[in-house]
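Visitor: Hi! Could you walk me through this one? I'd like to start with how the chains meet.

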Number of protein chains: 2
Amino acid sequence: MKIAFAGFGTVGKNVAALLLKREFSTRCRVVAIVDSKGAAVCQDGLDLAEAIARKEAYGSGSISQWNGYGISDATTSDVLEEFDPYLLIETTPTNIDDGEPGLSNMTSALSKGIDVITTNKGPIVLSLNQLTELAEKNNSNLRFSGTVGGGIPILDFAGHQLKNERILSVKGVLNSTSNYVLWKMAKDRIDLQQALQEAKSHGITENDAHYDIAGIDAACKLVILANSIMRLGVELKDVTIEGIENVTLKDVLAAENAGKAVRLVGRIEDRLRVSPELIDKTDPLHVEGDNNSICFSTEYNNYILVGKGAGGKETASAVIRDLLDIYQVELLHDQTVSRSAMHSVR
Amino acid sequence: MKIAFAGFGTVGKNVAALLLKREFSTRCRVVAIVDSKGAAVCQDGLDLAEAIARKEAYGSGSISQWNGYGISDATTSDVLEEFDPYLLIETTPTNIDDGEPGLSNMTSALSKGIDVITTNKGPIVLSLNQLTELAEKNNSNLRFSGTVGGGIPILDFAGHQLKNERILSVKGVLNSTSNYVLWKMAKDRIDLQQALQEAKSHGITENDAHYDIAGIDAACKLVILANSIMRLGVELKDVTIEGIENVTLKDVLAAENAGKAVRLVGRIEDRLRVSPELIDKTDPLHVEGDNNSICFSTEYNNYILVGKGAGGKETASAVIRDLLDIYQVELLHDQTVSRSAMHSVR
């Protein structure tokens with residue numbers, strides 16, 4: 001099966017590493033890797049171990065300067081046109097202004113009948129309906145498990161286990177960086193900036209943590225949940241957002257003294273809202289470090305899922321889960337995956 | 001679709017109530033209800049609201065003495081033979097000595113090609129392999145979501161979301177009664193017997209709470225998880241079991257003072273074990289009241305599920321989930337479900 005990568009940062013590299021490890025690796029051939037500087041391509045399949053090593057050693061530009069394979073001005077659209085892969089693994093960074101470059105990458109792939117698995121929230125927040133329609137029209141798959149909860153299969157759980165129940169409300173701790181920061185403030189009695197510095201030094205967050213701290217990342221996840229699981233048809237502007245920028249050490253310690261904790265909680269109730277809340281430390285939603293939690297309340301029960309919400313390896317595992325979900329039968333039974341054969345069984 | 005009930009206690013009645021409510025209720029016809037005193041039967045379908053009302057008003061014997069429908073000496077095997085239902089909903093009480101009457105009921109149904117959905121742990125603990133083989137041989141379905149975690153879809157989650165990951169270990173709080181008792185002891189500063197009395201008066205536990213308190217119920221759930229999800233092929237005697245009988249108020253309060261709680265924890269690691277443990281109150285496995293929790297550790301992540309583990313309505317929701325999982329397409333699209341038609345698409 002021919003695969004192309006758009007984006008080859010932390011998540012992309014981790015997906016590549018998992019593909020190398022999995023028992024079906026011999027049946028996956030990565031014909032192109034595109035990053036912000038260009039692409040590397042090979043019809044017979046690129047050496048993924050070498051690609052990971054290059055990117056880790058030389059960073060940005062190392063893919064497009066790969067001797068014999070690199071093309072410095074190639075775009076995702078170009079390589080899709082030329083190499084006609086079966087699947088695009090899209091892990092470019094989230095951009096909630098116009099969704100680019102992810103939106104163009106996905107549109108280009110889906111309109112050619114190429115399946116897309118993504119961890120990029122931007123296009124899913126902005127254009128889920130259009131992308132879904134495009135996928136249906138062209139008989140291709142669009143999966144985005146990794147956009148909510150990192151490695152925790154939140155969307156899958158709601159989509160499968162709760163498919164026959166009416167979800168009445170959702171609440172959860174959906175942003176790992178802000179949770180780590182709030183937890184670290186209380187634990188080490190440090191202020192928000194110091195805790196954020198710690199998060200950066202531990203690789204929990206990227207340099208630009210504004211999306212996380214301002215509550216925008218959590219709001220994006222609420223929108224994806226609301227639209228993909230509950231079909232609410234909402235937009236980011238429908239979410240009332242308050243971040244944790246103004247949470248002080250004093251607030252955090254006052255909560256601590258009352259057996260509680262400040263957490264950035266997202267809620268889908270009558271309205272969508274993200275804001276810091278005081279929650280009991282014994283509440284199952286109360287998680288520490290970079291964990292996430294979510295509670296679905298249905299007509300029958302409250303279901304709470306907890307797990308590590310961020311991290312390259314965890315998010316990459318969501319991509320692999322999507323991949324196996326689409327192609328499992330073919331990949332595990334050593335059948336040749338060709339587009340015509342696959343479409344005939346869909 | 002013709003359905004028979006074996007067992008019409010708390011769970012059975014709640015399943016009937018949910019069937020009445022659901023949008024597909026008009027397409028389900030309950031031709032027989034069998035309880036410990038006999039049966040009520042009707043080829044055109046029994047009035048479920050009336051059946052529930054009778055059982056609640058008059059208790060044991062009220063089904064078999066139902067004027068015009070009751071047969072006082074009928075067994076499940078008899079009604080399966082005579083009415084040839086499509087599905088048996090088996091909710092008789094758990095018996096871990098010989099699995100009866102559930103084991104005979106299920107064997108009888110499956111060998112006739114009748115699907116079985118059960119909440120009865122006994123036969124699943126004792127004879128999962130034989131029952132599964134019987135189901136395969138006769139082209140019938142066997143589902144038992146309600147045996148572990150009540151309404152929390154623990155088996156479904158592990159079977160679907162984690163199907164492509166290696167589960168390395170499992171730990172969890174799997175018995176609601178003992179959790180309620182331990183929680184209540186600390187909360188109200190009362191001893192175990194008093195807390196157990198409270199559990200009984202709140203309907204959390206049946207009169208015979210020995211299975212719960214001695215850790216046997218939790219051990220049964222571990223065996224079901226180990227065999228159905230991890231294919232370990234273990235028996236109840238392979239579980240080292242220590243119940244909470246000897247946990248004193250002093251133990252519970254000492255834990256409380258250290259920010260911890262005593263909980264009955266089941267573990268599947270190198271060995272299977274159920275025993276009281278001290279856990280941090282901030283540990284996601286720490287749950288209050290009659291909640292359950294479970295943590296699956298895989299090669300990628302730790303996944304924790306939390307929810308109400310007991311209760312007639314919650315456990316009944318697991319039966320409905322199984323039912324929709326098997327027949328969804330037919331029931332929701334108003335297709336006639338006949339055995340021959342169903343078997344042809346399996």
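**Where the chains meet**

Guide: Happy to. This is a predicted model. Strand E13 of chain A is joined by five bridges to strand E13 (residues 302-308) of chain B, and the two run antiparallel.

Visitor: Nice. Which residue stands opposite A:Val306?

Guide: That is B:Ile304, in E13(B).

Visitor: And the contact as a whole, how many residues does it take from each chain?

Guide: It takes 28 residues from chain A and 28 residues from chain B. On the side of chain A that touches chain B, the elements giving two or more residues are helix H6 (154-160), strand E13 (302-308) and helix H12 (312-332).

Visitor: Which of those gives the most?

Guide: E13(A) does, with seven residues.

Visitor: OK, changing topic: chain B has an open sheet. In what order do its strands come?

Guide: There are seven strands, in the order E4-E3-E2-E1-E5-E6-E7, with mixed pairing.

Visitor: Why is one side of E4 and of E7 left without a neighbour in the sheet?

Guide: Strand E4 (70-71) and strand E7 (142-143) of chain B stand at the edges and each has a single partner strand, so one side of each has no neighbour in the sheet.

Visitor: And E1 with E5 in chain B, parallel or antiparallel?

Guide: Parallel: four bridges join strand E1 (residues 2-6) to strand E5 (residues 87-90) of chain B. B:Phe5 stands opposite B:Ile89 of E5(B).

Terms used: Residues are numbered from 1 along each chain as its sequence is written. Chains are lettered from A and ligands numbered from 1 in the order in which they are written. This is a predicted model: local features need pLDDT of at least 70, side-chain atom pairs count only at pLDDT 80 or more; totals for chains, interfaces and linings use all residues. Two residues are in contact if their C-beta atoms, placed from the backbone, lie within 7 Å. Two strands pair if DSSP finds at least two bridges between them.
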